[in-house]
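Please open the structure in your viewer and keep the selection panel at hand. The tour moves from one selection to the next and says what is found at each stop.

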Amino acid sequence: MLKLKNVQAFYGNIQALKDISMDIKEGEIITLIGANGAGKSTTLMTICGIVPVRSGEIIFEGQTINKMPPNKIVALGISQVPEGRHIFPYLTVMENLDMGTFLRNDKDGIKQDLNYVFTLFPRLAERRNQAGGTLSGGEQQMLAISRAIMTRPRLLLLDEPSLGLAPIVTRQIFDIIKKVNKENKTTIFLVEQNANLALNVADRGYVMENGVITMTDTGKNLLANENVQKAYLGI
Ligand code: ATP
């Protein structure tokens, strides 16, 4: 579904991605784990067209996307839930969700998807008229995921969904991620610092260090890998 081929990306003179190659198949949950500053968010931002690819190629369903503007990439079916959520604090829950539909005009589909996110997160339905900025951290994460679902993505990119959340809320969010993958057939690309959590839900994982992919295997095998255990699982 998505291929990254020898992708290089820079911030000024700093090279953040060094020859990254990845492969995501339709229906999978893929995770990218790594320490702070490894280049995980940058990887997602190159896929979305926010950080330019200096060399290499990103292919989504046979189409080269790395020279497309972000709105075109969203229209193809790729949506990102950014780190820190970035919801609109002064807009209500409903208005935030509407923002996810600005490229759509299928009224019935939009209604259906709205019902779907309210079934996933009944809490948001209860708070539909509340300003986004007054929601708890967990509720804001639910809103950010829901807003992305409202774009009806086939590939959903999630950047650190567990960041700053209590363990119980994190578990809820991860259960929903699995549900969206299974029920909605949405392919998931999950960036996480919580490697234990991420590798437990992922079919396959990639490990990134200093802008380089150093390992890839099934989630299960990475969990059992001694180097991964030492570096990322605190075992
Ligand atoms: P974290 O888990 O801390 O979010 P990450 O793995 O997502 O880290 P990135 O945010 O992709 O890492 O950062 C990769 C490298 O690029 C880091 O060295 C970072 O300092 C640098 N970087 C990221 N954004 C910028 C920017 N806007 N300008 C300059 N350098 C940047």
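Which residue in E4 does Leu4 stand opposite? Select both strands and you will find that Leu4 stands opposite Ile58 in E4. Before going further, note that this is a predicted model, in which local features need pLDDT of at least 70 and side-chain atom pairs count only at pLDDT 80 or more, while totals for chains, interfaces and linings use all residues. Residues are numbered from 1 along each chain as its sequence is written, and side-chain values use heavy atoms, with hydrogens and water left out.

Strands (E, at least two residues) and helices (H or I, at least four) are DSSP runs numbered from the N terminus, and two strands pair if DSSP finds at least two bridges between them. Select strand E1 (residues 2-11) together with strand E4 (residues 55-60): the two run antiparallel and are joined by five bridges.

Next, select strand E5 (residues 63-64), which pairs with E4 in the antiparallel sense over two bridges. Ile59 stands opposite Thr64 in E5, and Phe60 has Gln63 as its bridge partner. E4 and E5 also form a hairpin with two residues between them, where Glu61 in the turn has a positive phi of about 45 degrees.

With these strands shown at once, the order of the open sheet of four strands reads E2-E1-E4-E5, with antiparallel pairing. Strand E2 (14-24) and E5 stand at the edges with a single partner strand each, so one side of each is left without a neighbour in the sheet.

**The ligand**

The ligand is surrounded by 13 residues, and the closest are Asn36, Gly37, Lys40, Ser41 and Thr42. Helix H1 (residues 40-47) gives the largest share of this shell, three residues.

For the polar contacts, look for pairs of N or O atoms within 3.5 Å. A polar side-chain atom of Thr42 lies 2.5 Å from an oxygen atom of the ligand, and a polar backbone atom of Gly39 is 2.9 Å from a ligand oxygen atom. An N or O atom in the side chain of Glu83 is 3.2 Å from an oxygen atom of the ligand.

**A second hairpin**

Finally, select strand E9 (residues 204-209) and strand E10 (residues 212-218), which pair in the antiparallel sense over six bridges. Gly205 stands opposite Asp217 in E10. The hairpin of E9 and E10 has two residues between the strands, and Asn210 takes a positive phi near 45 degrees there.

Notes
A residue is near a molecule or strand if one of its heavy atoms lies within 4 Å of it. A polar contact is a pair of N or O atoms within 3.5 Å; within protein, one must be able to donate a hydrogen and the other to accept it, and residues adjacent in sequence count only if both atoms are side-chain atoms.
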